[in-house]
There are 2 protein chains.
Amino acid sequence: MMNFEPIKKVNSYELIVEQIEARIRDGELSAGDRLPGERRLMETFSVSRSTVREAMRVLHATGVVEPHAGDPRGSEVIPFSPKTLQRPLARMAHQEGTSRAELIQFRLLLEGQSALLAAALCSDETKDEIESRAADLAELAASDSADAVEEFGRVLSAFHHAIRLASSNQLLQATGQAVDGALTEIARQRLDDETHGLARRGRLGQSAQDAAGLAERIRDGDAAGARRTATENIYRFYRDSLTEAERATLEPLVG
Amino acid sequence: MMNFEPIKKVNSYELIVEQIEARIRDGELSAGDRLPGERRLMETFSVSRSTVREAMRVLHATGVVEPHAGDPRGSEVIPFSPKTLQRPLARMAHQEGTSRAELIQFRLLLEGQSALLAAALCSDETKDEIESRAADLAELAASDSADAVEEFGRVLSAFHHAIRLASSNQLLQATGQAVDGALTEIARQRLDDETHGLARRGRLGQSAQDAAGLAERIRDGDAAGARRTATENIYRFYRDSLTEAERATLEPLVG
DNA sequence: TCGTGTTACTGGTCAGACCAGTAGTAGAAA
DNA sequence: TTTCTACTACTGGTCTGACCAGTAACACGA
């Protein structure tokens, strides 16, 4: 069994990236620290500035570093942000082959578990925050302002966001937010269909009520109930726009 | 309320990235297609090659494009890969301790829901595949080959992969794989500690048994049972390496 | 028909230059 | 003395133009 190593053509800029990332892992560099300027780096690494530059581009693109043009202190090492995950997730969601049903299925699952964790673990202040969002929804549903529907969508999104935040899990938060974003964007793109918007209009009250029920279960620390309520609400929200087969793939996650 | 737009300093290379990503989203470019060469791109975008180059670096770093040096056909647009998520996830987990628990929490949740969906929806052939992996594990646990432990890790990973595949959800599959990968990478890096490896060695039998039990529940279509078993198995796997507080954040998801 | 060498490209790297913009400081104004 | 201002010496962003090692494809000879 010829057990050779696969040859890896190493590009110089990747070596620089690795060295800097290693320094961060080892704690020699941490968020807030400044990197030497590009001209200094080209000397310490014995490469041209283009090469240093490409390394910096990669580090910037992956959310490791933030450049500060004009600042003599050089680029800054920044802390991890969920936004780093959001980009690739959005890309994946947009990709051909990822069906809308899968997206909804994934959302159902994420929001359900978020609600569960929120009910089980989060603090009273956070529960206040969630209930406050639910109250916002009720108020909006009662109003008959012209753009209440659109505003309702935003506030509903904020409500779910608060729950994800309450789950105290950054990953859940980032993925949930990404999926939410992807779905609303798809909705916006496909909504030449006026009826859907109008249909939602008729259900604002229902949605607000759902949210209130969910907030209450989270308040009570009823983890299982919160999960069930969250999934049921979301399922109801999408049900009418799905085919029979699609519903079948969602139902195992509901209730 | 002065409602001005926040100014966005746009770097040229970012505009190029956006244009190319937009083309991909709109389906005008898709996996396998080739981008024009850098010299061609600098003309079409009216920028210098450095700028084109930095754009390409970003696209490459975010897993959108694969360069082929020397190939006259230019860089290739590649399909989405979970590896794209794996890097930022690993980085996030490396940060200040706290997030390892989050990673495990997230994994617990993903694998649990995967098992649930697999049990509820997947075909008989897929169930065969899962049971076959479980059998591999049992065989390995019984053997006493030198590198059985390391091999066991790989096969265990394959077992979970099969379950995620059976969930028929690409998002679940990709995120699950990324989290799995990130966790094993962390384990590898922190494993100066020999004892952990040895401890696992003592538990190969247990793990294989767990897997068999999970496979059986999936075979039976026992969705709730599959979810419970999957979470319990994973929880047991990590329990001893966690603090009391970390365990508390995981327990709501178990059982 | 089948190798084979040439060729015209590719991406990776280098060098050196200019620009707009910022932090910090030295000096002018109060 | 304090406050404001102009300057300076840097920063990152962009450009130009060049060389290299490597590859795909094609024309060519066997």
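Author: Before the numbers, one term: a cavity is a set of grid points where a 1.4 Å probe fits but cannot get out. The model here is predicted.

Reader: Fine. How many cavities of 30 Å³ or more are there?

Author: The count comes to one cavity of that size. About 50 Å³ of space lies in the largest cavity.

Reader: Which residues line the largest cavity?

Author: From chain A, the lining has A:Leu85, A:Leu89, A:Leu171 and A:Thr175. Chain B gives B:Leu85, B:Leu89, B:Phe106, B:Thr175 and B:Val179. Helix H4 (83-94) and helix H8 (170-190) of chain A, and helix H4 (83-94) and helix H8 (170-190) of chain B, each give two or more residues to that lining.

Reader: And by class, what is in the lining of the largest cavity?

Author: Seven residues are nonpolar, two are polar and none is charged.

Reader: Staying with H4 of chain B, is B:Thr84 buried or exposed?

Author: B:Thr84, which sits in helix H4 of chain B, is at 16% relative accessibility, and under 20% means buried.

Reader: Now the DNA. How many residues surround DNA strand D, and which are the closest?

Author: There are 29 residues around DNA strand D, and the closest are A:Glu38, A:Arg49, A:Arg53, B:Ser12 and B:Thr51.

Reader: Which elements supply at least two residues of that surface near DNA strand D?

Author: In chain A, helix H2 (38-44) and helix H3 (49-61) do; in chain B, helix H1 (12-25) and helix H3 (49-61) do. By class, the surface near DNA strand D has six nonpolar, 11 polar and 12 charged residues.

Reader: What share of the atoms of DNA strand D within 4 Å of the protein is sugar or phosphate?

Author: Sugar or phosphate holds 60% of those atoms, and the rest belong to bases.

Reader: Which side chains have an N or O atom by a base nitrogen of DNA strand D?

Author: A:Arg39 is one of them, at 3.0 Å from a base nitrogen. For A:Arg49 the distance to a base nitrogen of DNA strand D is 2.9 Å. On the phosphate side, a polar side-chain atom of B:Asn11 lies 3.5 Å from a phosphate oxygen of DNA strand D.

Reader: And DNA strand C, which residues come nearest?

Author: A:Ser12, A:Thr51, B:Glu38, B:Arg40 and B:Arg53, out of 29 residues around DNA strand C. Sugar and phosphate make up 62% of the atoms of DNA strand C within 4 Å of the protein.

Reader: What is the distance from B:Arg53 to a phosphate oxygen of DNA strand C?

Author: An N or O atom in the side chain of B:Arg53 is 2.5 Å from a phosphate oxygen of DNA strand C. B:Glu38 uses a polar backbone atom, 2.8 Å from a phosphate oxygen of DNA strand C.

Reader: Change of topic. How many aromatic pairs are there over all chains?

Author: Two. The rings of A:Phe237 and A:Tyr238 have centres 5.1 Å apart and planes at 85 degrees, so the pair is edge-to-face. B:Phe237 and B:Tyr238 also form an edge-to-face pair, with 5.1 Å between centres and 85 degrees between planes.

Reader: Are A:Tyr238 and B:Tyr238 buried or exposed?

Author: A:Tyr238 is buried, at 9% relative accessible area, and B:Tyr238 is buried at 9% as well. A:Phe237 counts as partly exposed at 25%, and B:Phe237 counts as partly exposed at 28%.

Conventions:
Residues are numbered from 1 along each chain as its sequence is written. Chains are lettered from A and ligands numbered from 1 in the order in which they are written. This is a predicted model: local features need pLDDT of at least 70, side-chain atom pairs count only at pLDDT 80 or more; totals for chains, interfaces and linings use all residues. Side-chain values use heavy atoms; hydrogens and water are left out. On a 1 Å grid over the protein atoms alone, a cavity is a set of points where a 1.4 Å probe fits but cannot get out, and a pocket is an open set with protein on both sides within 12 Å along at least five of seven lines; lining residues have an atom within 4 Å of a point. Grid points are joined across faces, edges and corners, and a volume is the space filled by probe spheres set on the points. Helices (H or I, at least four residues) and strands (E, at least two) are DSSP runs, numbered from the N terminus. Ala, Val, Leu, Ile, Met, Phe, Trp, Tyr, Cys and Pro count as nonpolar, Asp, Glu, Lys and Arg as charged, and the others, Gly among them, as polar. Rings of Phe, Tyr and Trp (its six-membered ring) pair if their centres lie within 6.5 Å; planes under 30 degrees apart count as stacked, over 60 as edge-to-face and the rest as tilted. Buried means under 20% relative accessible area, exposed over 50%, partly exposed in between (1.4 Å probe, protein chains only). A residue is near a molecule or strand if one of its heavy atoms lies within 4 Å of it. A polar contact is a pair of N or O atoms within 3.5 Å; within protein, one must be able to donate a hydrogen and the other to accept it, and residues adjacent in sequence count only if both atoms are side-chain atoms.
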